[in-house]
Amino acid sequence: MALRSMNQIGTLFTAAKCNDHSLRAMVPASTAVVRTVPAVGILRSRVQNREREEVMISSFDRFRRSLAVSCRASTAAEEAEKGGERRGVAVFVMMPLDCVTMENKVKKRKAMEVSFQAMKGAGVEGVMVDVWWGLVEKERPGEYNFGGYEEFFAMAAKYGLKVQAVMSFHQCGGNVGDSCTIPLPRWVVEEMEKDPELAYTDQWGRRNFEYLSLGCDDLPVLKGRTPVQCYADFMRAFKQNFDHLLGNTIVEIQVGMGPAGELRYPSYPEQNGTWRFPGIGAFQCFDKYMLSSLNAAASAAGKPEWGSTGPTDAGHYNNWPEDTRFFKKEGGGWNSSYGEFFLSWYSQILLDHGDTILSHASSIFKPSSVKISAKIAGIHWHYGTRSHAPELTAGYYNTRYHDGYIPIAQMLARHGAIFNFTCIEMHNHEQPQNALCAPENLVRQVSLATQKAQVPLAGENALPRYDERAHDQIVRASLLEGDREMCAFTYLRMNPQLFEEDNWRRFVGFVQKMKGGKNSHRSWEDKKKKDQQQVEKVVPNLQSESNLVQRV
């Protein structure tokens, strides 16, 4: 038996009182059709009807309790804000990659509305959604269709959820966690097929079509426009369509600047098994446009012999540092004059790319109060080595002797942008120690870099986690040096697993911990106990409820 109307649910959810009698009044008095049956079937019919009633009531009762705990959580949050308590760290939830389909419609709308209600009630601040270049400007250059996103943003506003909108100029598919394929716009793919040098290229000639090579940023290779112009025009069109939502519903624009929306090179592609964790990856500078830039930089440095190619002794994607001449600890090329020149050029091209695009973004969105952010990858494997090889191949010039994150933070500071960093949920001891992984050390280094550059730091979990160990690690990492906290945390991601009974119970407690903030009046232990008491009685099973709603 399905609930009759999502409007009824919404009205009930936002009511000042969560009245159980009102909830039960929404259920029709009869849940079975009465009809004449043969005498021998009467008993069986009654038993079946009774079973259907019990199943329906059980499912409805779980939903009723879910709404009840949501109302309690919302009321507690409102009372805390009225009382002047510190708000803590706002939690956003990342939406499924294909929540807006290639047909430009919201996917599973009714189930999503139920999920939005639950998240709002749990204290979630809002959601993050990818606005795909390959979906909006799919057919022809300069023709934008934001239809599915108009529907999505309206839904978020209806349930009081804020939105972090990601300008996703990359291909979806082939990266960690990619569950669907959304290519670049058709007309962009056509140009890349005509000129494969527009794609990132490694030393073996392997092309990567996730994102256009930085070497052609300023060249009119896309139907008369440069890639940077295309990105700027897309953001301008977004602002024109959603100007009325900027600063109220849409509170943040995260500008995608590389694969997976991160400011980096596609040095560790999972597609077709090219790379496997914890391989060092490979430099992506062997297309003709990147090599032209390298050649010019080498000539300017008085070393033209350094400009003909990138390092060819840096191993393969799945090597480890000591397997290679370039990255080995003693006498490695990374620590030579040539290595310093090449790594400075390679990382600076990436910084310049970010600087240029953020300059456009801040100019386009400046009149509104919307925040600008950029995501940096948490490349924690082989962090304990001297060379930090995986970071170097990704474009972060970070070694034992050179801090690669301060220049990034300083670049973001020039545009008033937020430094969004991943792998916040990870412990050192959970990772392979033979690969000298150190995510906690890396997060601390990034935190110090943002403190020095005076830029806000936000976080994400790199991989889906539903356990309290990961949640508590995020809470600890969100409390920064001095009197600082992260400005926001985005949880990866909304999916059926999140709404499983135990996972949801833990998640609600996690959100409340994050909102408690550094100056919470309760001790950590008391806070944990109260959070547990709050959620242990009522745990939503939204998978069942979503199925109900979809049958309306």
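This briefing covers the cysteines, aromatic pairs and salt bridges of the structure above. The model is predicted: local features need pLDDT of at least 70, side-chain atom pairs count only at pLDDT 80 or more, and totals for chains, interfaces and linings use all residues. Residues are numbered from 1 along each chain as its sequence is written, and side-chain values use heavy atoms, with hydrogens and water left out. The structure holds 47 aromatic pairs and 24 salt bridges, and a search of the whole structure finds zero disulfides.

**Cysteines**

- A disulfide here is a pair of cysteine sulfur atoms within 2.5 Å, and the search of the whole structure returns zero of them.
- Cysteine 216 is buried, at a relative accessible area of 0%; buried means under 20% relative accessible area, exposed over 50%, and partly exposed in between (1.4 Å probe, protein chains only).
- Cysteine 423 also counts as buried, with 0% relative accessibility.

**Aromatic pairs**

- Rings of Phe, Tyr and Trp (its six-membered ring) pair if their centres lie within 6.5 Å; planes under 30 degrees apart count as stacked, over 60 as edge-to-face and the rest as tilted.
- Among the 47 aromatic pairs is that of tryptophan 204 with tyrosine 317, which is tilted, with 5.9 Å centre to centre and 40° between the planes.
- Tryptophan 204 sits in the loop between strand 4 (199-201) and strand 5 (207-212), and tyrosine 317 in the loop between helix 9 (288-300) and helix 10 (337-365), so this pair ties together parts 113 residues apart in sequence.
- Helices (H or I, at least four residues) and strands (E, at least two) are DSSP runs, numbered from the N terminus.
- Tryptophan 204 is partly exposed, at 41% relative accessible area, whereas tyrosine 317 is buried at 1%.
- Tyrosine 491 and phenylalanine 507 have ring centres 4.9 Å apart and planes at 55°, so this pair is tilted.
- Because tyrosine 491 belongs to strand 10 (residues 488-491) and phenylalanine 507 to helix 15 (residues 501-516), the pair ties together parts that are 16 residues apart in sequence.
- Both tyrosine 491 and phenylalanine 507 are buried.

**Salt bridges**

- Side chains of opposite charge can pair when their charged atoms come close.
- A salt bridge is counted when a side-chain nitrogen of Lys or Arg lies within 4 Å of a carboxyl oxygen of Asp or Glu.
- One of the 24 salt bridges joins glutamate 113 and lysine 158, whose closest N and O atoms are 3.1 Å apart.
- Glutamate 113 is in helix 4 (residues 109-121) and lysine 158 in helix 6 (residues 147-158), so the bridge ties together parts 45 residues apart in sequence.
- Glutamate 113 is buried, at 4% relative accessible area, while lysine 158 is partly exposed at 41%.
- Glutamate 191 forms a salt bridge with lysine 223, with the closest N and O atoms 3.0 Å apart.
- This pair links distant parts of the chain, 32 residues apart: glutamate 191 in helix 7 (residues 186-194) and lysine 223 in the loop between strand 5 and helix 8 (227-242).
- Glutamate 191 is buried, at 12%, and lysine 223 is partly exposed, at 42%.
- In the salt bridge between glutamate 330 and arginine 386, the closest N and O atoms are 3.1 Å apart.
- Glutamate 330 lies in the loop between helix 9 and helix 10 and arginine 386 in the loop between strand 7 (371-376) and helix 11 (389-394), so parts 56 residues apart in sequence are tied together.
- Arginine 386 is partly exposed, at 23% relative accessible area.
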